[in-house]
Amino acid sequence: MQQGIQVLGKVAPNAAHILSPEALSFVADLAREFEPTRRALMQARVTRQAEIDAGRPLDFLSDTRGIRQKEWKVAPAPKDLRDRRVEITGPSSDRRMVINALNSGAQVYMTDFEDAISPGWSQIIEGQVNLWDAARRAIAVKTPEREYRLNDQTATLAVRPRGLHLLERHVLVDSHPIAGSLFDFGIYFFHNARALLDRGTGPYFYLPKMQSHLEARLWNDVFNFAQDRLGVPRGTIRATVLIEHILTIFEMEEVLYELRDHMGGLNLGRWDYIFGYIKTFNRHPWAVLPDRAQVTMTTQFLRSAAELLVHTCHKRGAFALGGMSAYIPRRDDPQANEKALAQVRADKERESSQGYDGAWAAHPGLVPMIFEVFEKAFEGPNQLLHVPPVHVTAGDLVAVPQGEITEGGIRGNISVALQYVDAWIQGRGAVAINGLMEDTATAEIARSQLWQWVWQGARSSDGWPVTQERYLELRSEEVEKLMEARGAQGVGALDKAVELLDSLVLSPTYVEFLTIPGYRLLE
C-alpha cells in the first residue's frame, strides 16, 4: 500500500478484497490529482450562493453562449443504454434488493451510494461487495424461505457515487478524508471495469448534486485519468447526470458538452430539484413554497425545467430520463393502492408525452406499468430523434408555485423528517412512509420547508405564524404520536433524529445538507 493512505474503519474478512493495496493506491491517486480542484469548486459554490443571497438573478451564462449556438452532438450510446424506458433505483448495500432490482424487468438499475443509502462505513463497503459480485453475476442470497439469484436477463447496471460535497472519513489520503465521490467511483471502477467489459456491458454511472458545468468538467477529467490509468479506452465510461439543482438547469448544454465523450443522458431529479430551489433562494421571502404535496410537476417552474431538459438532450443526441414518482404499491389497502397506481400512470404519461425516453420506478411492482406507458407512447426503444419545440425563459424556471401552508403540511414534514432521519441513522436510506418512498432528497425538502417557513415569517392557512415555538409544539406532538405507534419497539434513534432536526430548523443560518451534520451520527 502507498504511504499516506490510512483506513480507519473495520473491514470484514469477506470485504478485504475491496480494499486491496492496489485499489487503495488507485483511489489515492484520484484524490491527489483532483482534490484541489474539487475543493476549489466547493468554494465556488459558496461564492455563487453569496451572490444569489445578495440578489443576483439567475440566467443562462453569457460566456458559454458559443457552446449553445454551435452544432455538436454527444457520443452515441452503447447498445445496452439505448433502451431506458424503465429505470429502477435502490441502495447498493441491501444484497437482496440489488438482486430484485436487477431481476425487475427494468432496462437499467441505478444502484445507489447516495440518497437511497445511509453512508455508514459498513453500508458503503457492503455495497461495493455486492457490486463486485453483481458485475460477475455471482451475487446470491439464501434465506430460510428461498434463494435469490440473478435471472438470465437482467437490467443494465449503473452506479451513483456520492456527491462531490461529501467526504469518506474512514479513508485518509495524506491525512485528509477522501471525497466520497472519488472513493465510490474509484473502488467500483478499479475492481469492475474489466469484468463488465468482458460481459459486453461497461462501467456506467449516475452523477448527483452537480451545480455547474465546471463540476461536469472535473468528472470528465476524472474519467479520462481513470481510463488511462487502467488502460481502458477513453469514452468507455458513460455517465448520466442528475439535474437536481436550479443552477444546473441553466447550464445543461454546457454539462452535456463537457461530458460529451462520456455522456449517457440527463435525468430530472425532481425531489432534489425542489430541495435545491428552496436552498438556493433560502434568504428570499418571495421564494417561500407551499406544502410539498402542492409542488407538483405541473407547476410552472418544474414543468418548464422538464420541457427544457427534453429539448436540450434530444437536440444534442442525449437521452432524457424522467424522475421518480414517490408512490409505491400497497398490499394492505387496495383502494389506496389503486389511487397510487393511477397517480404514477398519469405522471409517466405526462413525461412520455413531453418526449422523455423513460423514467424511474421506485418499486419493482411499478416496472410493468411504467414500461407499458412508454411502450405505447412511441415506437422503438427511445424518442431520441424527437426534439420538441419549447420556449422557456429564466423567469419560467424561477416562478414560485402558488398554494397554501397548512398545519397538516407542517406536521407531515415534521413526521416524515423524523421517521426518515431515524431510519437513516440506523442504516436505512430508502424508507416507505405513508405509502411513499422517502429518501434523503424528500427528507431534505421536509426540513428545508420547515426552516424556510420559520425563518421567513410564513403564515399557515389558519392565520397563525410558523414560529420556532409553534414548530417545537407541533414537533413534540408528532414525536408523541410516533412513540405511541411504536409501543414496545422502543425509541430507536428517534431521540437523535429530534436533536438533528431541531438543530437544522432552529438554526438562523440555513444548513446546506442535512447529511453533513448527520454524518457524525453514523458508525
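1. Of the 523 residues in the protein chain, 62% count as buried, meaning under 20% relative accessible area with a 1.4 Å probe, protein chains only. Please keep in mind that this is a predicted model, where local features need pLDDT of at least 70, side-chain atom pairs count only at pLDDT 80 or more, and totals for chains, interfaces and linings use all residues. Residues are numbered from 1 along each chain as its sequence is written, and side-chain values use heavy atoms, with hydrogens and water left out.

2. The protein chain holds 18 helices and 15 strands, which are DSSP runs numbered from the N terminus (helices: H or I, at least four residues; strands: E, at least two). Its C-alpha atoms fill a box of roughly 65 × 55 × 50 Å along the principal axes.

3. Now look at helix 1 (residues 21-53) and helix 6 (residues 213-230): their axes come within 10 Å and cross at roughly 175°. The two helices are therefore roughly antiparallel, a term for angles over 145 degrees. Their contact (heavy atoms within 4.5 Å) includes F26 and L30 of helix 1 and L214 and L218 of helix 6.

4. In helix 12 (residues 367-377), V367, M369, I370, V373 and F374 are buried. The buried residues of this helix pack against strand 2 (86-91), helix 11 (334-354) and strand 13 (358-361).

5. Finally, a hairpin with two residues between its strands is formed by strand 7 and strand 8. D174, in the turn, has a positive phi of about 55°. L172 has P177 of strand 8 as its bridge partner.

Note on methods:
Pairing = 2+ DSSP bridges. Axes fitted to C-alpha atoms, helices over the stretch in contact; angles between N-to-C directions. Parallel < 35°, antiparallel > 145°, perpendicular 65-115°, else oblique. Buried < 20%, exposed > 50% of the residue type's maximum accessible area, 1.4 Å probe, protein only.
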